Amino acid sequence: MSREARREDLIAAALDLFSTNPPEQVSVDDIAARAEVSRPLFYRYFSSVRELQVAALRTVTDGLVDRLAVSAEGPPLDRLRAVVRGLITVAGEYRAGYIALLRSGSVIATSETEALVDQVRNRAVQLILAEARVTEPSPMLLVTLRCWTAVVEGTLLSWLQEGGLPRDELDTWLVDQLVAMLAVTAAHDPAAVVSLASPTA
C-alpha cells in the first residue's frame, strides 16, 4: 500500500469509528485496530490523534466544498436546490464527522477546525452571490447570507442527530428559507435586492 493510500485508510478508519463514538473518545489504539496496523505505523503518518481528527474533519469539509463547486442545470433556484441536496448527501455520508465538526462545545474544536467550517460557509456565500450576479453586496445582504448558512448547518445537525425531518423535502425547504430571508432583507435595504428567479446567461 502506498503512503498516501495508507494515510487515507487511517482517515477512513477514524471516520468509521466516529460513527459510533465521539471523536474525542477515539484513541490511537482504536484507530490502529480498525485500520489493522500497528501503533508505531500509525505514528509514521500522524503525530497524534488530534492531527488525525483534523485530517478526518478536513475530509468532510473538502466533500462539502466539492459539492458547492458542482454545476447543475436550470434556473438559479434549481441549481441551488441541487447544491443543497449535495450538501445533505455529504453530511449523511460523513454523519459523525459532520456532527463533530459543527457540534457546539466539542473538545476537539480548534482554530483550525473553525477555519475549515468558515471555508465552507464562505464558499456558500460566494456561490449565492455569483448566482445572483452581485459583485458588491451590501452589509445587510452579507449578514443575511451568513445567517442562512447557519440555518442550513443547524437544520442538517438536527436532521442527523434527531431525525424527523423528511430528507426529500430539505433542499426545497432550505432554499425557500433563503428566498424568504432575501425578501425580508430587501424590504429593509433596497441595496440588498437580488434575484434568483431567472436563469443566468
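Student: In what order do the elements of the protein chain run from the N terminus on?

Tutor: They go α-α-α-α-α-α-α-α-α. Bear in mind that this is a predicted model, where local features need pLDDT of at least 70, side-chain atom pairs count only at pLDDT 80 or more, and totals for chains, interfaces and linings use all residues. Residues are numbered from 1 along each chain as its sequence is written, and side-chain values use heavy atoms, with hydrogens and water left out.

Student: How many helices and strands does that make?

Tutor: Nine helices and zero strands. The C-alpha trace spans about 60 × 35 × 30 Å along its principal axes.

Student: How do you know that the end-to-end distance of H1 agrees with its number of residues?

Tutor: The expected span is 1.5 Å times one less than the number of residues. H1 has 16 residues, 3-18, so the span should be 22 Å, and the end C-alpha atoms sit 23 Å apart, which agrees.

Student: Which residues of H1 are buried?

Tutor: Arg6, Leu10, Ile11, Ala13, Ala14, Leu15, Leu17 and Phe18. "Buried" means under 20% relative accessible area, "exposed" means over 50%, and "partly exposed" is in between, with a 1.4 Å probe and protein chains only. The cover over these H1 residues includes helices H2 (28-35), H3 (39-45), H4 (49-68) and H6 (95-102). Across the 201 residues of the protein chain, 44% are buried.

Student: What makes Phe42 and Tyr43 an edge-to-face pair?

Tutor: Rings of Phe, Tyr and Trp (its six-membered ring) pair if their centres lie within 6.5 Å; planes under 30 degrees apart are stacked, over 60 edge-to-face, and the rest tilted. The whole structure has two such aromatic pairs. For Phe42 and Tyr43 the centres are 5.2 Å apart and the planes are at 85 degrees, so this pair is edge-to-face.

Student: And why is the pair of Phe42 and Phe46 called tilted?

Tutor: Their ring centres are 6.0 Å apart and their planes are at 40 degrees, so the angle falls between the two cut-offs and the pair is tilted. Phe42, Tyr43 and Phe46 form one aromatic cluster.

Student: Where do those three stand on accessibility: buried, partly exposed or exposed?

Tutor: Phe42 has 0% relative accessible area, so it is buried. Phe46 is buried too, at 1%. Tyr43 has 38%, which puts Tyr43 in the partly exposed range.

Student: Why is H4 called roughly antiparallel to H5?

Tutor: The axes of H4 and H5 (residues 76-93) come within 8 Å and cross at roughly 160 degrees. Axes are lines fitted to C-alpha atoms, for helices over the stretch in contact, and angles run from 0 to 180 degrees between N-to-C directions. Under 35 degrees is roughly parallel, over 145 roughly antiparallel, 65 to 115 roughly perpendicular, and the rest oblique. The angle of roughly 160 degrees is over 145, so H4 is roughly antiparallel to H5.

Student: Which residues make the contact between H4 and H5?

Tutor: Val60, Gly63, Leu64, Arg67 and Leu68 of H4, with Val83, Gly86, Leu87, Thr89, Val90 and Glu93 of H5. Contact means heavy atoms within 4.5 Å.

Student: How do you know whether Tyr98 is buried or exposed?

Tutor: Tyr98, found in helix H6, has a relative accessible area of 3%, so it is buried. Leaving out residues up to four places away in sequence, Tyr98 touches Val60, Leu64, Ala91, Glu153, Leu156, Leu157 and Leu160.

Student: Why does Glu36 count as exposed?

Tutor: Its relative accessibility is 73%, so Glu36 is over the exposed cut-off. Glu36 sits in the loop between H2 and H3, and its phi is near 60 degrees, a positive value in a residue other than glycine.

Student: And what makes Arg133 exposed?

Tutor: Arg133 has a relative accessible area of 55%, so it passes that cut-off. Arg133 lies in the loop between helix H7 (111-131) and helix H8 (139-162); its phi, near 55 degrees, is positive in a residue other than glycine.

Conventions. Helix = DSSP H or I, 4+ residues; strand = E, 2+ residues; numbered from the N terminus.
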